[in-house]
Structure formats: structure tokens, C-alpha cells
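Have the sequence and the model open as you read.

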Amino acid sequence: MTQPRKRKYDLTLLAALLALLVFGLIILYSTSAYNGEVKFHDSFYYLKKQVFATLLGILGMYLAARTDYHLWKYAALPGYLAALLLSVAVLFIGEEYNGSKRWLSLGPFSFQPSEFAKVAVILFLAWLVTRSGRKMESMKALLGVMASVLPIAGLVGASNLSTAIIILGIGVTLVFVASPRYMPFLLMGAGGAGFMAVFLALESYRLERLMIWRDPEAYEKGYQTLQGLYAIGSGGLFGRGLGESVQKLGFVPEAQNDMIFSIICEELGLFGAGILLFLFLVLIWRFFVIASRSPDLFGALIAAGAMAHMMIQVILNIGVVTNTIPNTGITLPFISYGGTSIVFLLLEMGVVLSVSTMIE
């Protein structure tokens with residue numbers, strides 16, 4: 001009688017993930033304590049909410065890791081349709097915060113459907129590409145797969161351009177992984193550039209962001225960017241010390257959110273920022289290893305999708321904070337404040353860990 005196969009999770013991925021979570025909670029408290037005290041008379045306000053969301057996410061990750069990832073094939077299409085419906089709901093009944101309508105409220109709780117959409121798109125495209133099989137060799141099939149994500153990218157992009165870019169990036173990555181042809185990607189790149197040009201031109205505030213990016217000192221809205229750059233510059237090699245940031249004391253607005261990397265640079269310096277980037281690189285490397293060694297295409301695409309998600313989001317966040325690219329309003333995974341983000345990120349990690357158990 002054969003013994004049931006013992007699950008062997010990717011321990012390197014788990015170690016890097018745990019280090020990121022601990023790092024994130026420590027720096028979040030350091031960054032948010034002042035805002036919490038000023039706004040809510042509780043310096044632990046943001047930390048307590050993030051710890052609760054993290055524990056909830058870890059529970060979800062554990063359950064997802066214990067679940068055979070092949071079962072997600074049956075939830076892929078319903079999940080994608082649910083993401084579409086939730087994105088439509090945001091347009092009509094969404095809650096606005098800091099000028100952006102991205103949240104849905106359910107009683108005392110609120111969440112961002114765009115975070116759910118990222119995971120839903122990965123599972124949906126992995127299922128769709130696997131289902132297409134050898135048809136992926138044709139240009140028609142490639143364009144069909146990419147066209148399937150345009151509705152969710154358009155809906156999400158109406159209020160959250162950065163997430164729309166991530167969704168499109170995930171789509172291109174999975175099609176690239178599954179397709180033996182390279183030429184179609186040149187056409188997709190040209191089409192994507194045209195789509196982005198039209199999308200940016202539809203709203204004047206998007207063009208304004210481009211002008212602010214080019215010369216932040218000339219615009220009042222360039223204040224956040226400039227303060228973030230001051231924080232980065234003042235950190236030097238080893239930083240002012242944990243908790244010693246000056247810019248978080250009201251100079252960088254909502255420092256615990258999109259601009260948290262600038263405070264990391266100020267408090268921990270280039271050395272601390274380098275350690276954080278190293279942890280992200282380890283995480284991305286393990287996604288690549290799991291994708292390349294997965295026993296089937298569905299598992300490989302799930303890991304590749306998670307790799308694309310993590311890589312694009314980290315690059316976008318750091319690019320915005322350093323003013324390398326225009327401001328798009330994107331959080332730093334596992335580090336920035338956000339309950340919805342951490343829960344769905346950890347669920348995604350759980351699915352990837354489930355794939356890793358099948359590797360010999």
C-alpha cells in the first residue's frame with residue numbers, strides 16, 4: 001500500500017515571505033505612528049488593523065496552500081466574472097478616499113475589488129491558456145486571450161491606472177510564457193502603447209501627472225513627490241535610524257501608503273532599502289523556479305502570473321517614489337498599509353505554495 005505523498009513547501013519562498021511580513025509590520029508602525037496619533041489618538045491604530053488583516057491573510061494562505069491548486073480551475077471563470085461585477089459596482093456605489101473611488105463598503109468593512117481582480121485574472125488566464133492548448137500557437141488565440149482581460153483592465157483603470165497596468169502586464173507575461181512565437185508581442189506592444197496614449201488623453205488629470213513628473217517643483221501637486229525625494233536623499237547610506245524619520249511627521253502625506261519606500265530610505269538608508277529589494281528578488285526568483293519546474297502548464301502559469309504581479313508592482317511603486325515614472329498611486333507589496341492588499345497577496349502566495357508541493 002502506497003503512502004500518501006508528504007507535502008513539501010518551498011521553504012526559501014516561505015522564509016523570504018515571513019521576512020517581508022515582519023519587516024513590513026515594523027516599518028509600518030514606525031511610519032504610521034505619528035498619523036495614527038494625530039488622526040485617531042492611537043499610535044498603534046494602523047498597525048493593529050494591519051496585524052488583523054495579516055493574520056486573516058495567513059489563515060487564507062494556509063488553506064490555499066493545503067488545497068490542490070488544480071481545483072482553482074473550477075473557480076477561475078466565476079472569479080473573473082465576480083471581479084468584473086465588483087469593478088462595475090465601484091463605478092456606481094464605490095467609496096471615494098483621497099480623490100480616488102476604489103473601495104466598496106460592506107457595513108463596517110471596506111475593501112478594494114481591484115486587489116481581488118489581480119488574483120482573479122491570474123487564475124482566469126492560467127485556466128484559459130491551459131484550455132486553449134495548442135491553439136496558443138496562432139495569432140488569433142493570442143489576441144483572444146489578451147482581449148479577454150481588456151474589460152477588467154478598462155473598468156479598473158477608470159479609477160486605478162496602476163492596477164490596470166499590472167493586469168495587462170500579467171496578461172502579456174502569461175501569453176508570452178505559453179506561446180512559442182515572439183513576433184506577436186511586438187504587435188501587442190505597439191497596440192498597448194496606442195491604448196495607453198488614448199487612455200491618458202481621455203482625462204486631463206492623467207496628462208497633468210505627466211507634466212508634474214517632468215517638473216514637480218512647478219506644480220503644487222508635486223509636493224508629495226518632492227518630500228519623498230527629500231526623505232530618500234536625507235537617508236544616506238545607513239539612514240537616520242529606525243523611527244527617526246522627519247518627513248513622516250506630516251511632510252509626506254499618508255506616508256504609510258504609497259510613499260512608504262521613501263521613509264524606509266530615510267530611516268534605514270540605502271543599506272536597508274537594499275535588504276528589502278533583495279527579499280523581493282528572492283521571492284521573484286522562487287516564483288520563477290516553481291514556474292519552470294511545475295509538473296503542468298496550469299501550475300507554471302499560476303507561478304508565472306504571481307511573478308509578473310510582484311515584479312511589476314514593486315517596480316511601479318519604487319519608480320513612482322523615486323520619480324522615475326509618473327505618479328500612479330500604487331502600494332508596495334507586504335509593506336504599505338492596506339488590509340485588502342495583504343489578504344489577497346497572501347492568498348496568492350498560498351496558491352503558489354500549493355504548486356510548489358507538486359515539484360519533485
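## What counts as a cavity

On a 1 Å grid over the protein atoms alone, a cavity is a set of points where a 1.4 Å probe fits but cannot get out, and its lining residues have an atom within 4 Å of a point. Points are joined across faces, edges and corners, and a volume is the space filled by probe spheres set on them.

The model is predicted, and totals for linings use all residues, while local features need pLDDT of at least 70 and side-chain atom pairs count only at pLDDT 80 or more. Residues are numbered from 1 along each chain as its sequence is written, and side-chain values use heavy atoms, with hydrogens and water left out.

## The largest cavity

By this rule there are three cavities of 30 Å³ or more. The largest has a volume of about 90 Å³. Its lining is made up of Ser87, Val90, Leu91, Arg102, Pro113, Ser114, Leu155, Val156, Ser159 and Asn160. Helix 3 (73-93), helix 4 (113-132) and helix 5 (139-157) each give two or more residues to this lining; helices are DSSP runs (H or I, at least four residues) numbered from the N terminus. Helix 3 provides the largest share, three residues.

By class, five of the lining residues are nonpolar, four polar and one charged. Here Ala, Val, Leu, Ile, Met, Phe, Trp, Tyr, Cys and Pro count as nonpolar, Asp, Glu, Lys and Arg as charged, and the others, Gly among them, as polar.

## The second largest cavity

The second largest cavity holds about 40 Å³ of space. Val119, Ile122, Leu123, Ile302, Ala306, Glu348, Val351 and Val352 line it. Two or more of these residues come from each of helix 4, helix 11 (297-321) and helix 12 (339-356). This lining has seven nonpolar residues, no polar ones and one charged.

Technical notes. On a 1 Å grid over the protein atoms alone, a cavity is a set of points where a 1.4 Å probe fits but cannot get out, and a pocket is an open set with protein on both sides within 12 Å along at least five of seven lines; lining residues have an atom within 4 Å of a point.
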